[in-house]
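Dear colleague,

Please find below the structure that I am handing over to you, together with its sequence. My notes on it follow directly after.

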Amino acid sequence: MPPLQTEFPAGRLLSVDAYRGFVMLLMMGEVLHFDHLHEAFPGSGFWALLAYHQSHVDWSGCSLHDLIQPSFSFLVGVALPYSIASRQLKGQSAGVQFGHALRRSLILILLGIFLRSTHASQTYFTFEDTLTQIGLGYPVLFLLGYVRPRWQWVALGVILVGYWLLFVGYPAPGPAFAYPAVSVPADWPHHYTGLMAHFNKNSNVAWAFDTWFLNLFPREKPFLFNGGGYATLSFIPTLGTMLLGLIAGQWLRLNLSPTDLLRRLVLAGFVGLAAGTLFELLGICPVVKRIWTPAWVLFSGGWCFWLLAFFYGVVDVGQKQRWAFPLVVIGMNSIAIYCLVHLIEGFIINSFYTHLGHRPFQVVGAAYEPLLVGLTTLLVYWLLLLWMYRRKLFIRI
């Protein structure tokens with residue numbers, strides 16, 4: 001077998017690829033099923049911690065798993081200034097570039113719907129998953145990439161304040177609201193009161209919009225609620241998350257010293273985390289990913305700035321590029337792995353059992369079988385991506 005090649009394409013900021021690879025690894029890591037080990041060893045704090053951070057919180061708050069989608073969205077924004085600069089060097093006009101942005105938007109939306117429909121009996125029209133949310137907001141993000149930074153900050157403010165006003169302007173659920181009819185227990189511990197009641201699960205303006213909008217499409221049965229509380233309108237504040245990434249990407253392209261850039265990223269992260277937390281503590285707006293509240297944009301955006309600062313400091317400033325290579329292989333083909341996870345995970349696992357049986361995965365005990373199957377599946381994914389990387393087979397939209 002030839003030695004592992006770690007040569008990187010010229011002109012790429014490897015910290016961004018490494019960060020994206022880390023995010024996609026978290027998504028791929030769902031196959032490890034830490035929740036099974038937590039059930040097998042309920043007294044283990046270690047497996048409890050891993051299981052918690054491999055799942056989404058019920059409503060308010062944040063786990064590591066909850067940072068996957070905002071990070072992916074944030075990195076779309078980070079990459080945009082580089083994409084615009086590259087296309088300008090090729091002599092593409094702004095109109096041609098905007099046409100490409102519209103095509104990319106449509107492809108992302110259709111790909112998201114396709115992947116969510118793979119196990120359905122008919123097309124499952126849904127617009128709350130990562131790809132469709134990015135696709136819905138991407139043309140606006142592209143246009144904002146051409147305005148001055150001060151107007152980008154103004155646009156961010158308009159998005160956050162406008163979305164907050166949209167929620168608080170919709171009537172909050174009263175005491176007679178039939179929560180069980182929308183799959184929410186009446187005594188659910190995450191019900192808010194006062195101003196924040198406007199953000200309660202499946203009783204807010206985004207839920208009301210979807211009970212109209214999603215029923216415009218062919219469905220097996222009428223849409224009444226999303227079991228997780230996710231909503232189409234979240235693409236609006238997701239645009240805010242991408243806008244934060246756009247601002248970070250422009251900072252990366254400035255002629256700043258590494259120290260100044262790291263200081264700026266860390267400070268932005270602190271401000272975002274503090275602001276999002278403060279809005280929830282003051283009862284103004286909760287930190288809820290599932291409906292992408294304005295406080296969530298700020299809170300998760302703060303983490304995204306810090307994660308970008310970490311990878312930039314380690315990979316680009318600290319020159320730990322060999323350490324980052326496994327992540328870069330994943331990050332440079334994020335769309336490919338996103339599709340592979342959705343399309344062939346079951347095929348890979350079934351193939352293991354067909355050809356190897358269960359015994360090789362039970363060598364350290366039956367409780368660890370899902371973990372070993374998951375680790376082997378991750379290895380297959382990575383080797384596929386490595387093969388694509390060596391042959392420069394990168395899926396670009």
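In these notes, contact means that heavy atoms lie within 4.5 Å. The model is a predicted one, in which local features need pLDDT of at least 70 and side-chain atom pairs count only at pLDDT 80 or more, while totals for chains, interfaces and linings use all residues. Residues are numbered from 1 along each chain as its sequence is written, and side-chain values use heavy atoms, with hydrogens and water left out.

Thr238 and Trp292

Thr238 belongs to helix α9, which covers residues 235-253; helices here are DSSP runs of H or I with at least four residues, strands are runs of E with at least two, and both are numbered from the N terminus. Once the neighbours within four places in sequence are set aside, Thr238 is in contact with Ser73, Gln133 and Trp292. Because its relative accessibility is 0%, Thr238 counts as buried. On this scale, buried means under 20% relative accessible area, exposed means over 50%, and partly exposed lies in between, with a 1.4 Å probe and protein chains only.

Trp292, one of the contacts of Thr238, sits in the loop between α10 and α11. With a relative accessible area of 1%, Trp292 is buried. Its phi is positive, at about 50 degrees, although Trp292 is not a glycine. Most residues other than glycine have a negative phi. Gln319 also has a positive phi without being a glycine, in this case about 60 degrees. Gln319 is located in the loop between α11 and α12 (321-331), and its relative accessibility of 51% makes it exposed.

Salt bridges

How many salt bridges does a search of the whole structure find? There are three, where a salt bridge is a side-chain nitrogen of Lys or Arg within 4 Å of a carboxyl oxygen of Asp or Glu. As background, side chains of opposite charge can pair when their charged atoms come close.

Arg20 and Asp17 are both buried.

Another salt bridge is formed by Arg116 and Glu128, whose closest N and O atoms are 3.1 Å apart. Arg116 lies in helix α5 (residues 94-116) and Glu128 in the loop between α5 and α6 (130-144), so this pair ties together parts that are twelve residues apart in sequence. Arg116 is partly exposed at 32% relative accessibility, whereas Glu128 is buried at 11%.

There is also a salt bridge between Asp260 and Arg263, with 2.8 Å between the closest N and O atoms. These two residues are in helix α10 (residues 258-281), three residues apart, about one turn of the helix. Asp260 is partly exposed, with a relative accessibility of 36%.

A nonpolar surface patch

Val266, Leu267, Phe270, Val271, Trp303 and Trp306 make a nonpolar surface patch of about 560 Å². Patches consist of residues with over 30% relative accessible area and no salt bridge, where like charges are joined within 9 Å and nonpolar side chains (Val, Leu, Ile, Met, Phe, Trp, Tyr) within 5 Å. The accessible areas come from the Shrake-Rupley method with a 1.4 Å probe, and for residues only the protein chains shown count as cover. Both α10 and α11 (294-317) supply at least two residues of the patch, and α10 gives the most, with four. Trp306 is in helix α11 and is partly exposed at 31% relative accessibility.

Two helices side by side

The axes of α1 and helix α13 (residues 334-356) come within 10 Å and cross at roughly 0 degrees. Such axes are lines fitted to C-alpha atoms, for helices over the stretch in contact, and the angles run from 0 to 180 degrees between N-to-C directions. This makes α1 roughly parallel to α13, since angles under 35 degrees count as roughly parallel, over 145 as roughly antiparallel, 65 to 115 as roughly perpendicular and the rest as oblique. Arg20, Met24, Met27 and Met28 of α1 make the contact with Ser334, Ile337, Tyr338 and Val341 of α13.

Yours sincerely
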